[in-house]
Amino acid sequence: MIKGLRPHKVFTMITTPLHRRIVKVVLPELHTPKILETAVLIALAKIVKARTFFEFGTYIGVQTLNIAMNLPPSAKIYTLDFDEESYKKVRHQHEKDSVVSLRHFEYEDKLAFLKSPYCKKITRFYGDSNEFDFSEFEGKIDMAYVDGGHDLRTLKSDTQNAFRIMASDHPACIAWHDYKNPDHPQLTQFLDELSVEYSMYHLEETMICFYLKNEPKNTLNMKIRIEK
Ligand SMILES: C[S@@+](CC[C@H](N)C(=O)[O-])C[C@H]1O[C@@H](n2cnc3c(N)ncnc32)[C@H](O)[C@@H]1O
């Protein structure tokens, strides 16, 4: 069962002093992520002290930029989305997601992080995530954000790959978007089923749910200070 968690719980897992909780975010507009979702994603990345972050689904690059702005200068952020060629091959299977993919192509030259000082931390990959070769990332990613295709085939494949690339020897996190999104009931059901095997949390008032691997001891009881 996925346990509900108030968002402030993940914020307070980041230790005081309060300046540890200062973040930079792009103020949202129509097509950009909700500020609370951005805040909890950044908090999760800070909790696992992410140095490597893999995003499934670049879209217009705002969340990629939000993450890049808040990870240390040496951090590496990878983001994967279709290019037009790979999209053409599978578009018939992606009718529900076509609006976001087409907008992604429209933004090809104006993704949020392009021309920003954070761009150098970000590596873009192009192609269908179902076909992407993840072998170079195996066991190396501190945080994965599964926010690509919502069809069950892609969701299962992205989730499987997220588990595969997760770091094995220190705290790491997988976050999923669109949990309880009424437009994607299959996604909610899939994550509910996954939570039978993995201890997962849903951050209330958001569509984010997450799993922490090698959870910093007692983190979710907030008994420890995780940053000095
Ligand atoms: C909801 S948007 C991502 C939003 C972004 N992560 C954010 O927070 O701003 C989903 C993106 O996933 C991409 N996508 C869907 N299926 C995909 C697939 N099989 N391979 C790669 N990208 C895919 C779409 O083109 C779209 O840009």
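The legends below describe close-up views of a predicted model.

In this predicted model, local features need pLDDT of at least 70 and side-chain atom pairs count only at pLDDT 80 or more, whereas totals for chains, interfaces and linings use all residues. Residues are numbered from 1 along each chain as its sequence is written, and side-chain values use heavy atoms, with hydrogens and water left out.

**View A. The open sheet of eight strands.** The strands follow the order β1-β7-β8-β6-β5-β2-β3-β4, with mixed pairing; strands are DSSP runs of E with at least two residues, helices are runs of H or I with at least four residues, and both are numbered from the N terminus. Two strands count as paired if DSSP finds at least two bridges between them. The edge strands, each pairing on one side only, are β1 (3-5) and β4 (122-126), and the twist averages 20° from one strand to the next. Axes here are lines fitted to C-alpha atoms, for helices over the stretch in contact, and angles run from 0 to 180 degrees between N-to-C directions.

**View B. The pairing of β1 with β7.** These two strands pair in the parallel sense over three bridges. Leu5 has Leu203, in β7, as its bridge partner, and Leu203 is also among the members of the largest nonpolar core that touch the most other members.

View C. A nonpolar core is a set of buried Ala, Val, Leu, Ile, Met, Phe, Trp, Tyr and Cys residues joined through side-chain atoms within 4.5 Å, where buried means under 20% relative accessible area, exposed over 50%, and partly exposed in between, with a 1.4 Å probe and protein chains only. The largest such core has 34 residues, of which Val10, Leu44, Leu71, Met143, Ala175, Leu203 and Phe210 touch the most other members. At least two residues of this core come from each of α2 (35-47), α3 (62-70), β5 (143-146), β6 (172-176), β7 (200-203) and β8 (209-213), and α2 gives the most, with seven residues. Helix α2 lies across β5, β6, β7 and β8, and runs at about 155° to β5.

**View D. The surroundings of Ala175.** With contact meaning heavy atoms within 4.5 Å, and with residues up to four places away in sequence not counted, Ala175 touches Leu41, Leu44, Met143, Ala144, Tyr145, Val146, Ile208, Cys209 and Phe210. A second, separate core of 29 residues includes Phe137, Ile165, Met166 and Met200.

**View E. The salt-bridge network of Arg6, Glu204 and Glu205.** These three residues are linked in a network of salt bridges, a salt bridge being a side-chain nitrogen of Lys or Arg within 4 Å of a carboxyl oxygen of Asp or Glu. The side chains of Arg6 and Glu204 meet at 3.1 Å, N to O; because Arg6 lies in the loop between β1 and α1 (7-11) and Glu204 in the loop between β7 and β8, the pair ties together parts that are 198 residues apart in sequence. Arg6 also meets the side chain of Glu205, at 2.6 Å, N to O. Arg6 is partly exposed, with a relative accessible area of 38%, as is Glu204, at 27%, whereas Glu205 is exposed, at 52%.

**View F. The salt bridge of Arg124 and Glu108.** The structure holds five salt bridges, and one of them joins the side chains of Arg124 and Glu108 (3.2 Å, N to O). Arg124 in strand β4 and Glu108 in the loop between α5 (98-106) and β4 are 16 residues apart. Arg124 is buried, with a relative accessible area of 17%, while Glu108 is partly exposed, with 29%.
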